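Dear colleague,

Please find below the sequence and the structure that I am handing over to you. My notes on what was found follow directly after.

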Amino acid sequence: MRRSRAALGSAAFFVVAPGTVVGLIPWLITRWELHQPWPYWIVAQVLGVGLICAGLVPPVSAFVEFVKAGGTPMPIAPTQRLVVSGFNRYLRNPMYFGLVLVILGQALLFASAGLLIYAAIAWAVPAAFVRWYEEPTLARQFGAEYEAYRRAVPAWWPRLRPWTPSGHGAQGAR
């Protein structure tokens, strides 16, 4: 797939999928109304803003890495190479991880128990998708290359140091 087409598809998918997960649904839960349930809650809100900002970085970076590899994060338009660059060198699911961080940050910012529950759901649903669809698909598509990556890079908690693939063919997870 040409990079321009991959970039357009990835951008559209980013607006629809992550935009819904960390934009529309949290808005439906909170209506963006700020609350301060306890004195000094402002400290939690500042931490929340930090988590939101930090959480957006891995998904945006991962989308860029998919475009560089000539595909998109969408299962219907994947890359032809295993994407193990960028944040994928630290954990296998940087997009999902980052989006859950954003939701946790929003829960702090808006003092919302509903968003805490939603954060658990926003992790559980992708975790099931990864386990039952994505991992078997990547194992079939990339074989030993994916298995080596899977053994070296955790799914949900980042490594302290980036993983470097031994072969030069890997570019970054589908």
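The largest nonpolar core in this predicted model has 13 residues. Those with the most contacts inside this core are Val22, Ile103, Leu115, Tyr118 and Ala122. Two elements give two or more residues to it, namely helix H3 (94-110) and helix H4 (113-142). Of the elements, H3 gives the most, with 7 residues. In soluble globular proteins, nonpolar side chains tend to be buried together.

I turn next to the packing of the helices. Helix H1 (residues 3-30) packs with helix H2 (residues 41-68) at an angle of about 155°, and their axes are 9 Å apart. Because angles over 145 degrees count as roughly antiparallel, H1 is roughly antiparallel to H2. Their crossing is right-handed. On the H1 side, the residues that meet H2 are Arg3, Ala6, Ala7, Ser10, Phe13, Phe14 and Pro18. Their partners in H2 are Pro59, Val60, Phe63, Val67 and Lys68. Sorted by class, this contact of H1 with H2 comprises 9 nonpolar, 1 polar and 2 charged residues.

H1 also packs with H4, at an angle of about 145° and with the axes 10 Å apart. Here too, H1 passes H4 in a right-handed crossing. H1 contributes Thr20, Val21, Ile25, Pro26, Ile29 and Thr30 to the contact, while H4 contributes Gly114, Leu115 and Tyr118. By class, 6 nonpolar and 3 polar residues take part in the contact of H1 with H4, and no charged residues.

Two buried residues within helices may be of interest to you. The charged residue Glu65 is found in helix H2. Is Glu65 buried or exposed? Its relative accessibility is 13%, and since buried means under 20%, Glu65 counts as buried. Neighbours within four places in sequence aside, Glu65 is in contact with Val83, Ser85 and Gly86.

Ala107 has its place in helix H3. Its relative accessibility is 5%, so Ala107 counts as buried. Apart from neighbours within four places in sequence, Ala107 is in contact with Ser112, Leu115 and Leu116. Between Ala107 and Ile117 there are 9.3 Å, C-alpha to C-alpha, and the two are 10 residues apart in sequence.

Finally, there are two backbone details in the loops. Trp32 lies in the loop between H1 and H2. Although Trp32 is not a glycine, it has a positive phi of about 60°. With a relative accessible area of 37%, Trp32 is partly exposed. Ala111, in the loop between H3 and H4, is likewise not a glycine and has a positive phi, of about 50°. The relative accessibility of Ala111 is 25%, and this residue therefore counts as partly exposed.

Yours sincerely

Methods: Residues are numbered from 1 along each chain as its sequence is written. This is a predicted model: local features need pLDDT of at least 70, side-chain atom pairs count only at pLDDT 80 or more; totals for chains, interfaces and linings use all residues. Side-chain values use heavy atoms; hydrogens and water are left out. A nonpolar core is a set of buried Ala, Val, Leu, Ile, Met, Phe, Trp, Tyr and Cys residues joined through side-chain atoms within 4.5 Å. Buried means under 20% relative accessible area, exposed over 50%, partly exposed in between (1.4 Å probe, protein chains only). Helices (H or I, at least four residues) and strands (E, at least two) are DSSP runs, numbered from the N terminus. Axes are lines fitted to C-alpha atoms, for helices over the stretch in contact, and angles run from 0 to 180 degrees between N-to-C directions. Angles under 35 degrees count as roughly parallel, over 145 as roughly antiparallel, 65 to 115 as roughly perpendicular and the rest as oblique. A crossing is left-handed if the near helix is turned anticlockwise from the far one by less than a right angle, and right-handed if clockwise. Contact means heavy atoms within 4.5 Å.
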